[in-house]
Amino acid sequence: MNMPKRVVIIGGVAGGATCATRLRRLDEHAEILILDRGPYVSFANCGLPYYVGDVIQDEQKLLVASPELFRKRFNIEVRTRNEATKLDLAAQEVEVRDLASGQVRRERYDALLLAPGAAPIRPPLPGIDLPGIFTLRTVPDSRQIRQWLETRHARRSVVIGGGFVGLEMAENLGHRGLEVTIIEMAKQLLPPLDPEMAELVRQRLIAHNVGLRLEDGVAGFDAGPDGSLFVCTQKGERIPADVVILSIGVRPEVSLARDAGLVIGPRGGIRVDDQMRTSAPNVWAVGDAVETRNRVTGEWDLLALAGPANRQGRVVADVIAGRTSTFHGVQGTAVCGFFGLTVSMTGSTEKSLKRAGVSDFQSVYLHPGHHVDYYPGAKPIHMKLIFRKSDGRILGVQAIGEEGVERRVDVIAMAIQRQSTVFDLEEAELCYAPQYGAARDPVNVSGMIAANVVRGDLDVVSWSELGLKRDSIMILDVRDPGELQGGRVESAINIPLAQLRERLTELPLDKEIWVTCGVGQRAYYACRLLRQNGFRVRNLSGGYQSYRAWHPLDGTQRG
Ligand SMILES: Cc1cc2nc3c(=O)[nH]c(=O)nc-3n(C[C@H](O)[C@H](O)[C@H](O)COP(=O)(O)OP(=O)(O)OC[C@H]3O[C@@H](n4cnc5c(N)ncnc54)[C@H](O)[C@@H]3O)c2cc1C
């Protein structure tokens, strides 16, 4: 009989624990050892902000599985507070320090999985080590923050970084009754989004009295004579804070891999192939520590999300067990909720496509209700669908709203995964009853608008292009006059759709006409009418609602 395989796994949370348990299901005889330098394995990192916010009140709920459960249920050995300090690739051994006893030992492996995750970035700013400044990655981190909030009776909080975790922390600190200020170096919140979509996020935070400092960085921290804490910004502000949460991103944990000579990619993650093999024999890597191919752009990507880490862990278990599974890449499907708003996205954004040098794409905006208007409580979903103009292949979607947002993004995520086109979205047969959706679901509508563009029935233009062309085009607003009281586009002429056929002589044949309305639907009808009467027309995608995202009422300029 063959000797059982000895599999050592460094990091026992999303990627590592998933690999271990799947491997046990595939190979009853493998000897599986999980090492983790923290006090817990298999804990719910994604739940940590909600524990800080006291939405999750019992810390035990964050601990999905204990070492004992791993041993009893899966015959997997878990050693917590054991840090892998060195890889000896030639001998196929890992050097491990027991953090409790200080003892160092070596563990032999036939297969080694690196699942060490990522570390929160903590820049060496003046005062960074003052008490009250926290990062959030582990259960002990969240416990410390809770204790600090409670013992110091904290009232004022500053969150540094307006990304997904930063906004979840803002929501949770708000939930505990703290004042929240967010400092973000970029011009917008949620930097992965396109700027006009992020504008909706900004408006929601302002409505919830969150203080915002965009385009400002932190210069350092300062303590007052009584020990009070101040955040000093690059623009010269000195913001008092009882607690500071640093959430400016994470860096892949690659020190072990780098020291052992494994190939690290240009984005700073461990380079792996489509079976998650590193450049060293019998060594695999998964999760936040690796770079993977973006399935839309084909570029290498760093993506710190739990879903890919789990799926990669499963692939590694399969491969170690002798199966031929592969990992097909990432597309950045994400969702985040705060202050009643859900923000979700998948695939590429306009920003990321431009960065990748892709020019064959088009965006359309729409603002459908999450279910039919006649059923009480319909909430708008603000969507931006991006697709290849030449053949309609779907490239990405961003959606924001209060209800039904992530369901639409999940459908489109699957469509992207299947390399579908906007014509497939038109055709998709989705759930419908009045309290859930519409016979033409927002997903269908996004496909219909985009398909009109690809078929050449509709020419769309983004409000972002207005600045360059304002003098050479005419803007036609086809809303009813009563609607204009809620706001209008400067220099637009107004002819309500119902009067358009009778008033065609008022429109120029020698000038391009950009047509708008509330959300883009009536402008589409107008475009079809005008085009068939010989006019050169384009639909300002998303109508006045999108205009306001580009031109907020408080005068802030997006993009
Ligand atoms: C606050 C927060 C909220 C999040 N929310 C979401 C969310 O809502 N949705 C989502 O998809 N993702 C979310 N994420 C991201 C998600 O948790 C990670 O992408 C995922 O956990 C990565 O899995 P991993 O296995 O690569 O690393 P991790 O889950 O971080 O596990 C790595 C483990 O390796 C251990 N380790 C590191 N180095 C060593 C060493 N040398 N020796 C021994 N052990 C070591 C660490 O102690 C750690 O326990 C969130 C993350 C955080 C921090």
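This is a predicted model: local features need pLDDT of at least 70, side-chain atom pairs count only at pLDDT 80 or more; totals for chains, interfaces and linings use all residues.
Local features were taken only where pLDDT was at least 70 and side-chain atom pairs only at pLDDT 80 or more, whereas totals for chains, interfaces and linings use all residues. Residues are numbered from 1 along each chain as its sequence is written, and side-chain values rest on heavy atoms, with hydrogens and water left out.

Nonpolar cores were defined as sets of buried Ala, Val, Leu, Ile, Met, Phe, Trp, Tyr and Cys residues joined through side-chain atoms within 4.5 Å. Residues were classed as buried under 20% relative accessible area, exposed over 50%, and partly exposed in between (1.4 Å probe, protein chains only). The largest nonpolar core contains 55 residues, and L173, I182, L193, V201, L205 and F338 have the most contacts inside it. Helix α6 (residues 195–207) supplies the largest share of this core, namely five residues; helices (H or I, at least four residues) and strands (E, at least two) are DSSP runs, numbered from the N terminus. When neighbours within four places in sequence are left aside, L173 is in contact (heavy atoms within 4.5 Å) with V52, L149, S157, V159, L178, V180 and I245. A second, separate core comprises 50 residues, including A17, A257, M276 and V315.

Two further buried residues were examined individually. R22 belongs to helix α1 (residues 14–26) and counts as buried because its relative accessibility is 13%. Beyond residues up to four places away in sequence, R22 touches R314, A317, D318 and R323. I121 lies in the loop between β8 (118–120) and β9 and, at 18% relative accessibility, is likewise assigned to the buried class. With neighbours within four places in sequence excluded, I121 is in contact with T135, L246, I248, G249, V250 and R251. The C-alpha atoms of I121 and L33 are separated by 29 Å, the two residues being 88 positions apart along the chain.

On the surface, Y374, Y375 and Y432 form a nonpolar patch with about 340 Å² of accessible area together. Patches consist of residues with over 30% relative accessible area and no salt bridge, like charges being joined within 9 Å and nonpolar side chains (Val, Leu, Ile, Met, Phe, Trp, Tyr) within 5 Å. Y432 is located in the loop between α11 (422–427) and α12 (442–455), and its relative accessibility of 38% makes it partly exposed.

Aromatic pairs were assigned to rings of Phe, Tyr and Trp (its six-membered ring) whose centres lie within 6.5 Å; planes under 30 degrees apart count as stacked, over 60 as edge-to-face and the rest as tilted. F134 and W148 form an edge-to-face pair, with 5.8 Å between centres and 70° between planes. This pair links distant parts of the chain, F134 in strand β9 (residues 133–134) and W148 in helix α4 (residues 139–151), 14 residues apart. F134 is buried at 9% relative accessibility, and W148 is buried at 14%. Y524 and Y525 form a tilted pair, with a centre-to-centre distance of 5.9 Å and an angle of 45° between the planes. Y524 is partly exposed at 24%, as is Y525 at 40%.

The structure holds 37 salt bridges, each requiring a side-chain nitrogen of Lys or Arg within 4 Å of a carboxyl oxygen of Asp or Glu. In the salt bridge between R407 and D441, the closest N and O atoms are 3.0 Å apart. Here, too, distant parts of the chain are linked: R407 lies in helix α10 (residues 405–417) and D441 in the loop between α11 and α12, 34 residues apart. R407 is partly exposed, with 27% relative accessible area, whereas D441 is buried at 1%. R105 and E107 form a salt bridge with 3.5 Å between the closest N and O atoms; R105 is partly exposed at 42% and E107 is buried at 4%. The side chains of D477 and R479 meet at 2.9 Å, N to O, in a salt bridge, and D477 is buried at 2%, as is R479 at 4%. Salt bridges with shared partners join R6, E31, E77, R79, R105 and E107 into one network.

Notes:
Accessible areas come from the Shrake-Rupley method with a 1.4 Å probe; for residues, only the protein chains shown count as cover.
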